[in-house]
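Please open the model in the viewer and display the entire chain.

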Amino acid sequence: MQIFKFGGASVNSVDRIRQVPVILRQFAGEKILVVISAMGKTTNALEKVAEAFYAGHPAEALQLFAQIKEQHLTTAKYLLVKNYLACEAQLKDFFTEAEWLLHDKPVRDFDYYYDQLVCIGELLSTSIMSAYLAESGIGNQWIDVRDIFRTDANFRDAAIDWDVTDRKVREDVLPLFAEDDLIVTQGFIGATSDNESTTLGREGSDYTAAVFANLLNAESQTIWKDVEGVMNADPKQFPDARLIRELNYDEVIEMAYYGAQVIHPKTIKPLQNKGIPLYVKCFLDPSLPGTVIHNKSLKGLPPIIVLKQDQVQVQLHSKDFSFVGETGTARLYDLFGQLRVKPNLIQSGAVSIRVCLDDRPARIQRLALAAADLFDVQVERGLTLLTIRHYNGEVLQRLTAGRQEVLRQQTPETVQILMH
C-alpha cells in the first residue's frame, strides 16, 4: 500500500486536475490512499471569509463565499459530464454547511470559526477529484477524514488522538480497499468528539498523509509537487539551486528547523517511527527521479542554503551587569513559551543575550515589554539570516561578500550569520 499526497498547486486548474489520473494509471492494481489539499488559493479565500464573518460583516462574508462556490461549480462543469449532478449535490451540502454558520453571529473564538470554514476547501476539492477520477474510469472510494481523524479542540493546531484514529482507520478505512484500490480523502482537517471541524496546523496535509502511512503500515509516502524535488536552496532566490536526490529524516528536520521550505518535522515523525520512506516527486513530470527521504546515513551532501529576510535582533543586557546566568536565561525561555516566540538564533554572553527572530512587530513588542523588567532591551530591524549546512569556504565567502556581519554561530556542520 502507498500513500500519495497532492498539494494545492497540483489541483489548482482544470489542466492540472486532468494530470492526476495520468499519474494514478501508472500504479494500476496497487492499493493507494490519496490525500488532496484545497485547490490553489482556496484556503486563503476561505480565511478572508472567516475574517469578514468574525469582524461582523456577514454580507461581505457571504459574498466572498459565493465566489468560492462559483469557482468550484465551474471547475466541476469543465471536468464532469455523467457525474456532474451527483458531484453538484455533494458540493451543495458543503456549501450549506458553511452558509449555515455564516448566517449566525460569532459567539466563540476566531480560531473555532476559522476551522469550521477553512476545512470546506479540502472537502470541495476531493469531491470534485473523486468524481473526475470515477468519470475517467478510475474507481475510488471518497471518505470524509473528519469521520476518521479524532482530534482535541485546540482549533487551528489540533492534536490527533492516535488511539481513536487508529481504531477508525482499521474499522472504517481498511475494509474499503476490498471494494476499490483507491481511496480519496482530505488533508489538513479532522474533528473533535463533538463533531466540530479542526485543522492540524502548518503543513497539515503532508502530516495527514504521514499519519495514514503510519497507521496503514504503508510501504511509502509520496508527495507530488510542482517542483523537481527537494532542492539545496530556494530556486527563487538561487537560480543555480540543484536537486538533492537523497536525504535522511534527521537532515530534513534540521533543514526545516533552520527555515527551509521543505517537509515539516511533524510529518517526518510518524514515518520515522516505522521506517517508511518519503518520496518528493514532480507532478508535472513524473519521470523525473525526485528525492527520497529515508533512515539511512548519508555523506557528501551539497551545501544547503537557507536565506531568511526581515529578521530582527533583540539584544538583552543585564541591568546591573550581573551575569545573566540561569535565572535570566530561564526567564527568557519562559517568555518564549508564553508569547509563542520561536527564536531563529540565540547567543549568550556573560551579561547579555542576543536573539534573532522573524519580524512580527506585535510579538516582538510584547517580548521587549515583558523582558524589560530584567534587561535593557534594544531592537534592530532589517537584517538577513543566512544559514548554510555542509558549508565550505567558497560558498561562505560568496554569500557574505559585501555584507556587514552582526552575529555568527558556527559548528563544523552548520554556520549561521546575521547580517545587514
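This is a predicted model: local features need pLDDT of at least 70, side-chain atom pairs count only at pLDDT 80 or more; totals for chains, interfaces and linings use all residues.

Next, show the whole chain as a cartoon. It contains 13 helices and 16 strands. Viewed along its principal axes, the C-alpha trace of the protein spans about 75 × 55 × 40 Å.

Now switch to a surface. The protein exposes about 19400 Å², of which carbon and sulfur atoms supply 48%. Colouring by burial then shows that 54% of the 420 residues are buried. For the contacts between residues at least 6 apart in sequence, 73% join residues at least 24 apart.

Hide the surface and select the rings of Phe, Tyr and Trp. How many aromatic pairs does the structure hold? There are 16 aromatic pairs. One of them is formed by Phe4 and Phe6: the ring centres are 6.4 Å apart and the planes stand at 80°, so the pair is edge-to-face. Are these two residues buried or exposed? Phe4 is buried, with a relative accessible area of 1%, and Phe6 is buried as well, at 0%.

Finally, select Phe53, Tyr54, Phe110, Tyr112, Tyr113, Tyr114 and Phe155 together; these residues form one aromatic cluster.

How values were computed
Residues are numbered from 1 along each chain as its sequence is written. Side-chain values use heavy atoms; hydrogens and water are left out. Helices (H or I, at least four residues) and strands (E, at least two) are DSSP runs, numbered from the N terminus. Buried means under 20% relative accessible area, exposed over 50%, partly exposed in between (1.4 Å probe, protein chains only). Contact means heavy atoms within 4.5 Å. Accessible areas come from the Shrake-Rupley method with a 1.4 Å probe; for residues, only the protein chains shown count as cover. Rings of Phe, Tyr and Trp (its six-membered ring) pair if their centres lie within 6.5 Å; planes under 30 degrees apart count as stacked, over 60 as edge-to-face and the rest as tilted.
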